[in-house]
Amino acid sequence: MRAAGKSRVGELTAVVLAGGLTYEREVSLRSGRRVCEALKAAGVAVRTLDPDAALLAGLRDDQPEAVFVALHGADGEDGALRSVLDLVGVRYVGSDAAACRLAWDKPTAKAVVHAAGLATPDWVALPHSTFRELGAAAVLDRIVERFGLPLMVKPAKGGSALGARQVRSAAELPAAMVSCLSYGDTVLLEPYVEGVEVAVSVLDLGAGPVALPAVEITAASGVFDYAARYTAGMTTYHTPARLTPRAADAVAEVAVRAHQALGLRDLSRTDAIVTADGVVQFLEVNVSPGMTETSMLPMSVQAAGLDLGEVCATLLHRAVGR
Ligand SMILES: Nc1ncnc2c1ncn2[C@@H]1O[C@H](COP(=O)(O)OP(=O)(O)OP(=O)(O)O)[C@@H](O)[C@H]1O
Ligand SMILES: [Mg+2]
């Protein structure tokens, strides 16, 4: 896989969208800075905009050829902002609004990839109202009976592991539910899967989606939570992941198939766990992967021998050509 050379990217004008008003604003600003610097180094004339009340006027007055969406959380990933970009005729890197909507809702994405033949942890997704109407204790008892412990409790929509908790005993469940419900109305409960956690980035630079070397994630605390993600030194990453060649092929295949099953475009990052018996359990896919200093997609780009700025520039060119 080759990214475009510098000569081709010289003429492009682009905007990086970063910031927003989600819980992941700070992460997005860091992603935006990184992408912006990388694009400048690759010769692209780029500026950064925050999606606020001045955005549409800013895009109209000085229209870029294409936009790179470095927004995380609902802003960048649920498709709404991309619908607006479509409305005003601004081209952007990444998946279209409809595909984003599928991927952003974890239970929907799990159902789609499961129907495509991929393994994903068993799950139940329930809104707050169901717990209220049927009694939280009674419903949670049935879930523990069915899935056993430990469980993973996480918001059906969200990112950066905010509101996600491992629950080892039934006594911990109520607090985990309260924390989860503070991030959204619907809770996704799954059996906790033991194994090697990997993040597998997929890029389509023009020849179809290709998986980059997987990143293996080992959090010092044992939990890859928000602090472990964005504090240097709290997590060890191995790129490529220390997998057997067979498991490495399997995670690559899962990421590409998930990307295709959900109709994603340009780039994505699938999070998965490889169990001791070699099964790849799909957790979720991100349509606007983190691009910070401690983010996995840039690590994979580097491990693949590619330059981040040239990759982003190539994706911008693809967007312009659509
Ligand atoms: N079923 C599970 N079994 C084991 N660990 C899990 C499970 N589900 C989630 N995790 C852990 O919780 C973390 C967060 O879960 P997940 O990736 O689904 O959510 P996220 O908040 O959307 O993350 P991201 O920032 O990657 O978008 C994972 O990185 C993983 O460490
Ligand atoms: Mg994840």
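Serine 160 is found in the loop between strand E5 and strand E6 (165-167), where helices (H or I, at least four residues) and strands (E, at least two) are DSSP runs, numbered from the N terminus. This is a predicted model, in which local features need pLDDT of at least 70, side-chain atom pairs count only at pLDDT 80 or more, and totals for chains, interfaces and linings use all residues. Residues are numbered from 1 along each chain as its sequence is written, chains are lettered from A and ligands numbered from 1 in the order in which they are written, and side-chain values use heavy atoms, with hydrogens and water left out.

**Serine 160 and another positive phi**

- Although serine 160 is not a glycine, its phi is positive, at about 55 degrees.
- Serine 160 counts as buried because its relative accessibility is 7%; buried means under 20% relative accessible area, exposed over 50%, and partly exposed in between (1.4 Å probe, protein chains only).
- Aspartate 266 is a residue other than glycine with a positive phi, near 70 degrees.
- The loop between helix H12 and strand E12 holds aspartate 266, which counts as buried because its relative accessibility is 1%.

**Ligand 1 and its surroundings**

- Around ligand 1 there are 21 residues, of which Lys106, Ser160, Ala161, Glu190 and Glu197 come nearest; a residue is near a molecule or strand if one of its heavy atoms lies within 4 Å of it.
- Lysine 106 has a polar side-chain atom 2.6 Å from an oxygen atom of ligand 1.
- For glutamate 197, a polar side-chain atom lies 2.5 Å from an oxygen atom of the ligand 1 molecule.
- In the side chain of glutamate 284, an N or O atom is 2.9 Å from an oxygen atom of ligand 1.
- On its own, ligand 1 has 610 Å² of accessible area, and the protein covers 94% of that; accessible areas come from the Shrake-Rupley method with a 1.4 Å probe, and for residues only the protein chains shown count as cover.
- Two or more residues of the shell around ligand 1 come from each of strand E5 (151-155), strand E7 (186-191), strand E12 (267-274) and strand E13 (280-286).
- The shell around ligand 1 has nine nonpolar, four polar and eight charged residues; Ala, Val, Leu, Ile, Met, Phe, Trp, Tyr, Cys and Pro count as nonpolar, Asp, Glu, Lys and Arg as charged, and the others, Gly among them, as polar.

**Cis peptide bonds**

- Leucine 149 and proline 150 are joined by a cis peptide bond with omega of about -5 degrees.
- Proline 150 lies in the loop between helix H9 (136-147) and strand E5.
- From threonine 239 to proline 240 the peptide bond is also cis, with omega near -5 degrees.
- Proline 240 belongs to the loop between strand E11 (235-238) and helix H12 (245-261).

- Tryptophan 104 is in helix H6 (residues 97-104), and it counts as buried because its relative accessibility is 11%.
- The C-alpha atoms of tryptophan 104 and glycine 158 are separated by 7.5 Å, while the two residues are 54 residues apart along the chain.
- Alanine 214 sits in the loop between strand E9 (210-211) and strand E10 (215-219), and alanine 214 counts as buried because its relative accessibility is 9%.
- Between alanine 214 and glutamate 197 there are 9.8 Å in space, C-alpha to C-alpha, and they are 17 residues apart in sequence.

Notes. A polar contact is a pair of N or O atoms within 3.5 Å; within protein, one must be able to donate a hydrogen and the other to accept it, and residues adjacent in sequence count only if both atoms are side-chain atoms.
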